[in-house]
Amino acid sequence: MDFTPSEEQSAAQGLAARIFGDLSTHERLTAAGSGTDAELWKELCAAGLPAAVEDIGLLGLVLLLEEQGRTTAQVPFAATCVYGLLAVAEHGTPEQRERLLPGLRDGTAVATGAFPARGGVHIAEDGALYGAVPWVPWLRDATQVLVADAERGLWIVRTGEPDVTAVPVETTAPWSAGRLVLDGVRGERLGNGPEAYAAVLAAARTAFAGLQAGVCAGSLARAVHHTVTREQFGRPLSTNQGVLLRAADAHMDTEAIRVTAYEAAWRHDERRACEAQALTAAWWASEAGKRVVHAGQHLHGGTGADLDHPVHRHFLWGRQLDAYLGCGSEVLEELGLLLAGRAQGDAS
């Protein structure tokens with residue numbers, strides 16, 4: 001395995017770091033509230049970063065999402081790339097790719113996904129989709145939703161259709177989420193059923209784990225700056241052994257999230273089996289990510305209790321990603337069943 005970024009991946013990551021660092025400021029995030037920073041999204045699309053994902057692969061996307069996570073930038077970057085660009089590019093027909101990809105590349109189309117499948121959407125005898133999904137990230141901004149039905153088939157649904165309703169929902173992190181209600185809408189089939197569903201789900205888990213790595217890195221960086229510059233009893237807080245140990249544990253957890261996401265993304269790009277690795281990355285992102293953002297709050301002391309402090313936003317994102325990835329125990333159970341099934345298959 002070689003996770004060394006290519007020249008193209010490094011260039012895209014550097015550009016993303018500059019744009020997110022310049023534009024995703026505390027003041028702009030505060031002004032955006034729970035909505036999307038539309039100007040930042042336009043800037044990212046004008047720079048060609050969503051379009052670049054087709055060339056730099058899932059590993060490149062993970063690198064870009066790390067930079068988004070560091071600043072908790074409120075844009076539907078992960079959702080559009082993984083449920084839109086990559087899903088259509090890898091599982092769409094030539095006609096679908098020609099028709100759908102241009103809008104996803106330039107940002108005029110925004111995608112999200114009603115994932116994972118939990119049996120909430122069903123297909124009627126006439127082929128129409130019925131059901132509801134309690135909350136979908138970035139649904140209020142999306143022009144299309146990748147919906148997984150109860151049989152794990154994939155459907156592209158336009159949010160502007162009369163039989164599609166998006167009810168605003170506020171989540172822990174400000175992700176412009178909504179409750180999706182389908183009342184007999186005609187979706188557009190994508191891919192070949194359960195196989196495509198599994199591939200998209202593994203890619204999504206990997207991408208959002210990469211986002212969590214960035215969120216944790218940003219939280220830890222703020223905690224380090226605070227403990228180095230804040231003095232207590234005449235010396236920096238960072239000189240206290242308890243502070244050092246807590247920060248060291250958070251650093252190791254962040255690195256574990258990063259390296260497992262890199263491995264899953266690398267295997268995806270190399271066209272190798274990556275379902276178990278994606279689950280492993282999701283587990284680390286859920287369990288370790290939760291520990292890191294709690295540590296970030298704690299290391300800020302009383303300052304961390306201020307809901308308007310920037311570190312609190314990392315806490316909210318970390319907890320939201322923990323829930324979105326399925327929570328550690330759920331992911332671990334799925335991983336165990338997958339490995340047990342493989343073992344039985346090998347034995348037979």
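**View 1. R140 and E170, a salt bridge between two loops of a predicted model.** R140 is partly exposed, at 34% relative accessible area (buried is under 20%, exposed over 50%, partly exposed in between; 1.4 Å probe, protein chains only). E170 is exposed, at 54%. Their side chains meet in a salt bridge, 3.4 Å from N to O (a side-chain nitrogen of Lys or Arg within 4 Å of a carboxyl oxygen of Asp or Glu). The pair links distant parts of the chain, 30 residues apart. R140 sits in the loop between strand 3 (129–136) and strand 4, and E170 in the loop between strand 6 (164–168) and strand 7 (178–185). Helices (H or I, at least four residues) and strands (E, at least two) are DSSP runs, numbered from the N terminus.

The model is predicted: local features need pLDDT of at least 70, side-chain atom pairs count only at pLDDT 80 or more, and totals for chains, interfaces and linings use all residues. Residues are numbered from 1 along each chain as its sequence is written, and side-chain values use heavy atoms, without hydrogens and water.

**View 2. K290 and its salt bridges to E287 and D322.** E287 pairs with K290, the closest N and O atoms being 3.6 Å apart. Both lie in helix 9 (residues 275–299), three residues apart, about one turn of the helix. An α-helix has 3.6 residues a turn, so residues three or four places apart point the same way. E287 is partly exposed at 23%, and K290 is partly exposed at 23%. D322 also meets K290, at 3.8 Å from N to O. D322 is buried, at 3% relative accessibility.

**View 3. A network of salt bridges.** E66, E67, R70, E255 and R258 are linked in it. The whole structure has 17 salt bridges.

**View 4. Helix 6, residues 94–106, with its kink.** The helix has 13 residues and reaches 19 Å from first to last C-alpha. That is close to the 18 Å expected at 1.5 Å a residue (1.5 Å times one less than the number of residues). A kink of about 35° lies at L100, shortly before the proline P102. The bend is the angle between axes fitted to the seven residues ending there and the seven starting there. Q96, L100, L101, G103 and L104 are buried. Their cover includes helix 4 (49–71), helix 5 (77–91) and strand 1 (111–114). Just after the helix, G107 takes a positive phi of about 85°.

Note on methods: Contact = heavy atoms within 4.5 Å.
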